[in-house]
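User: I'm new to this one and would like to walk through it piece by piece. Could you show me the structure before we start?

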Amino acid sequence: MQRRILALSALATAMGMAIGSAHAQGDSFPNKPITLIVPYGPGGVTDVIARALGLGMGKTLGQTVVVENKAGAAGAMGVVDMLTAKADGYRLTLAPVGIFRQPYIQKVSYDPVRDLTYIASFMTYDFILTVPANSPIQTLQDYVAWAKKHPGEMDYGTPGKFTANHVAMALLEKKTGITLNHAPFKGDADAINALSGNHIKSAIFANSILPMVQSGKVRALATAADKRPAAFADVPTFLEAGYGFDVPSPLGVAGPKGMPQEVVQKLDAAIKAAMDDPAFRQVIANYGIRTDYRDHKAYAAFAKQAFAQEKDIVQGIGLE
């Protein structure tokens, strides 16, 4: 009986120490720089916005947020990194919606729900179908009509296979019965150069194309948003055109599974505060980005929902 009492006492002591340690970690966090992985190359819209977000977060946290670029694997390199990162809040990643799609397309080493701690989302991409300024195609209806007359001859550029850009065009094919020719590039910059040089007939971009649209170098035909974004107020959506789809693409920050709740809450609050920072707001305004905040609870719920929905999307449009 005495042994049992001693064992229970030892267990209670261990549990108390563990709880105390977790609280201590939350109270002292952060006490060194934090790394934020951007799963794309440097210089792109996502990279620029992530750096502005990191600067804003640093003001609240009192520590530097260092951006580390790890491009490849359709934006999943950051998630893969989280599999071996310590769950202490000092190594985080951006979590694009493509991570919910990849497991249904090819074998991956991660489960996007089980293997991550979702902290907060802060923005959403819009996807814009464009043609060169000298293209005879003036509207989305012209685009679909031309593609129907020339099956397989209308090529479109994207920043890569299985991206949300690719999904949007696959949905357009399914809804209209047209057959397009997908031309995946390594990123937006290569696709923009190809479009402006008339090497491809069309391309679909995220907000990185805004300066080209504003300068008149390319023509925007439609957006895959649920409503017209302010930066593209004169451009109809695919929904308005009667094709019945949009492609939501919120972007947020996640960490390894098992992060202490106190740390998650501090990071969540820092992200929310950074979204109000004037420097961050100026950067997103430059690219016509829409903010889209979800706290850690709402973002985790979104992740579960998105992972379930992507299976139906991939199977429904035959993405390959």
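User: Okay, starting with a tryptophan, in which helix is W146 found?

Analyst: This is a predicted model, and in it W146 is found in helix α5, which covers residues 140-149.

User: Is W146 buried or exposed, or something in between?

Analyst: W146 is partly exposed, because its relative accessible area is 24%, and the cut-off for buried is under 20%.

User: And what is W146 in contact with, beyond its neighbours within four places in sequence?

Analyst: Leaving those neighbours aside, W146 is in contact with I137, E153, M154 and K201. As for distances along and across the chain, W146 and I178 are 32 residues apart in sequence, while their C-alpha atoms are 9.3 Å apart in space.

User: Which residues of α5 are buried, then?

Analyst: The buried residues in α5 are L140, Y143, V144 and A147. Seen down the axis of the helix, these buried residues fall within an arc of 95°, so they line one face of α5. An α-helix has 3.6 residues a turn, so residues three or four places apart point the same way.

User: What covers that buried face?

Analyst: The elements covering the buried residues of α5 include the strands β5 (128-132), β6, β8 and β9 (218-223), together with the helix α6.

User: In which sense do β5 and β8 pair, parallel or antiparallel?

Analyst: β5 and β8 pair in the antiparallel sense, over 3 bridges, and I128 stands opposite F205 in β8.

User: Let's look inside β6. How buried is T158?

Analyst: T158, which lies in strand β6, has a relative accessible area of 0% and is therefore buried. Its side chain makes a polar contact of 2.7 Å with the side chain of H182, and a polar atom of the T158 side chain also lies 3.1 Å from the backbone oxygen of G160. Not counting residues up to four places away in sequence, T158 touches several others, including T163, N165, H166, A183 and I204.

User: What does β1 pair with?

Analyst: β1 pairs with strand β2, residues 65-69, in the parallel sense over 5 bridges. The chain crosses from β1 through α2 to β2, and this β-α-β crossover is right-handed. Within the pairing, I37 stands opposite E68 in β2.

User: Last stop, α10. Which of its residues are buried?

Analyst: In helix α10, residues 278-286, the buried ones are F280, V283 and I284. They cover an arc of only 95° around the axis, which puts them on the same side of α10. The face turned away from that buried side carries the exposed residues P278 and A285. What covers the buried residues includes α2 (45-61), β4 (116-124), α9 (261-274) and β11 (290-294).

User: And what caps the N-terminal end of α10?

Analyst: D277 does, with a side-chain oxygen 3.1 Å from the backbone nitrogen of A279. Helix α10 is followed by G288, whose phi is positive, near 65°.

How values were computed. Residues numbered from 1 in each chain as written. Predicted model: local features only at pLDDT ≥ 70, side-chain atom pairs only at ≥ 80, totals over all residues. Heavy atoms only, no water. Buried < 20%, exposed > 50% of the residue type's maximum accessible area, 1.4 Å probe, protein only. Helix = DSSP H or I, 4+ residues; strand = E, 2+ residues; numbered from the N terminus. Arc of directions from axis to C-beta. Contact = heavy atoms within 4.5 Å. Polar contact = N/O pair within 3.5 Å; in protein donor to acceptor, adjacent residues only side chain to side chain. Pairing = 2+ DSSP bridges. Right-handed = clockwise from strand over helix to strand, strands pointing away.
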